[in-house]
Amino acid sequence: MVSLNDLRTPKTNTWCPGCGNFGILMAFKKALIETGIEREDAVMVSGIGCHGKIVNYVNINGFHGIHGRVLPTAQGIKLANPDLTVIGFAGDSDQYNEGWGHFAHAVRANVDMTLIVHDNMVLGLTTGQATPTSQQGFKSKSTPFGVIPPMLNPIAHALVSDATFVARGYSGDMFHLKNLIVEAIKHRGFAFIDVFQPCVSFNYLNTYAWFSKRVYKLEDENHDVTDHKKALKKALEWGDKIPIGIFYKKERPIYSDSLSQVKDENLTKLSKQNIDITSAMKEMM
């Protein structure tokens, strides 16, 4: 079984001291250990942003891609090799700006993978611009007079797009977040976790103190994760009380169940010896 020591890498961590990414990193490592997944059987995919460095800090297979393209890459890996456990890591700008179009379709397709969004409500790597989850009125380098449009609600969007696993975590509660990641990895289908991840350098509003005063656990209220209407009602809560935990969970066929090319065979295990691409090459030339 894999251990914390096995998951260490020699890379120097360059996140700011106190960054919320540390809580996500440790929660993920502990989730991997708890699920019993071996290192060679898991793949991480990340995008551009502070979060993207996470693939350097976990000793498993990793792909650090371009901005907003975590989901196409992760979905392709899973469809080509369904034996792998695939976990995508994206930032709030990475996923909810450039990657937003991919999000709705990944939810619909229900490819069997997990997406974890590091949601610090600011662009940290580029030193502090607003993102789609920045609150109205939030002043930043790109919005010196305050954010004008209302903040995007990824939980509600996932729910109305027929997501099969929707959750929200908080990196300031690592044990709770670890449990969410374990449940997401076990889920057969597209599992989505939005994680509040305070940026200690560029978000002066959504701090650890701000979140810790507001977040509460849905399970403490005996929330029924099969009740879609209640999940949506909870998704709209914001202000003095903000829920974290699993909002909704259900089963429905995954994408590859209806895709004849990959339904019964692992593409990576097909013989490559007798493939003739001559006709395809002639057609392209």
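Colleague: Which residue follows helix 1, and what is its phi?
Modeller: This is a predicted model: local features need pLDDT of at least 70, side-chain atom pairs count only at pLDDT 80 or more, and totals for chains, interfaces and linings use all residues. Residues are numbered from 1 along each chain as its sequence is written, and side-chain values use heavy atoms, with hydrogens and water left out. Helices (H or I, at least four residues) and strands (E, at least two) are DSSP runs, numbered from the N terminus. Helix 1 is followed by glycine 36, with a positive phi near 75 degrees.

Colleague: How far apart are the end C-alpha atoms of helix 1?
Modeller: The expected span is 1.5 Å times one less than the number of residues. Helix 1 has 15 residues (21-35), so it should span 21 Å. The end C-alpha atoms agree with that, at 21 Å.

Colleague: Which elements do the buried residues of helix 1 pack against?
Modeller: Buried means under 20% relative accessible area, exposed over 50%, partly exposed in between (1.4 Å probe, protein chains only). Among the buried residues of helix 1 are Ile24, Leu25, Phe28 and Lys29. Contact means heavy atoms within 4.5 Å. The partners are strand 1 (42-46), strand 3 (85-91), strand 4 (113-119), helix 6 (174-186) and strand 6 (190-196).

Colleague: Which residues does histidine 51 touch?
Modeller: Histidine 51 sits in the loop between strand 1 and strand 2 (61-64). Its relative accessibility is 3%, so it counts as buried. Not counting residues up to four places away in sequence, it touches Trp15, Asn21, Ser46, Phe89, Ala90, Gly91, Asp94 and His118.

Colleague: Are helix 2 and helix 4 roughly parallel or roughly antiparallel?
Modeller: Axes are lines fitted to C-alpha atoms, for helices over the stretch in contact, and angles run from 0 to 180 degrees between N-to-C directions. Helix 2 (residues 70-80) and helix 4 (residues 100-109) pack at about 30 degrees, axes 9 Å apart. Under 35 degrees counts as roughly parallel, over 145 as roughly antiparallel, 65 to 115 as roughly perpendicular, the rest as oblique. The two helices are therefore roughly parallel.

Colleague: Which residues of helix 4 meet helix 2?
Modeller: On the helix 2 side, the contact uses Leu71, Pro72 and Gln75. From helix 4 come His102, Phe103, Ala106 and Ala109.

Colleague: How many aromatic pairs does the structure hold?
Modeller: Rings of Phe, Tyr and Trp (its six-membered ring) pair if their centres lie within 6.5 Å; planes under 30 degrees apart count as stacked, over 60 as edge-to-face and the rest as tilted. By that rule, the number of aromatic pairs is 13.

Colleague: What is the geometry of the pair of tyrosine 96 and phenylalanine 103?
Modeller: Both tyrosine 96 and phenylalanine 103 are buried. Their ring centres are 6.2 Å apart and their planes stand at 90 degrees, so the pair is edge-to-face.

Colleague: How many residues apart in sequence are the parts tied by phenylalanine 196 and tryptophan 238?
Modeller: This pair is edge-to-face, 5.9 Å centre to centre, with 75 degrees between the planes. Phenylalanine 196 lies in strand 6, tryptophan 238 in the loop between helix 8 (228-235) and strand 8 (242-249). Phenylalanine 196 is buried at 1% relative accessible area, whereas tryptophan 238 is partly exposed at 32%. The sequence separation of the tied parts is 42 residues.

Colleague: What is the phi of asparagine 110?
Modeller: Asparagine 110 is in the loop between helix 4 and strand 4. It is buried, with a relative accessible area of 0%. Its phi is positive in a residue other than glycine, near 60 degrees.
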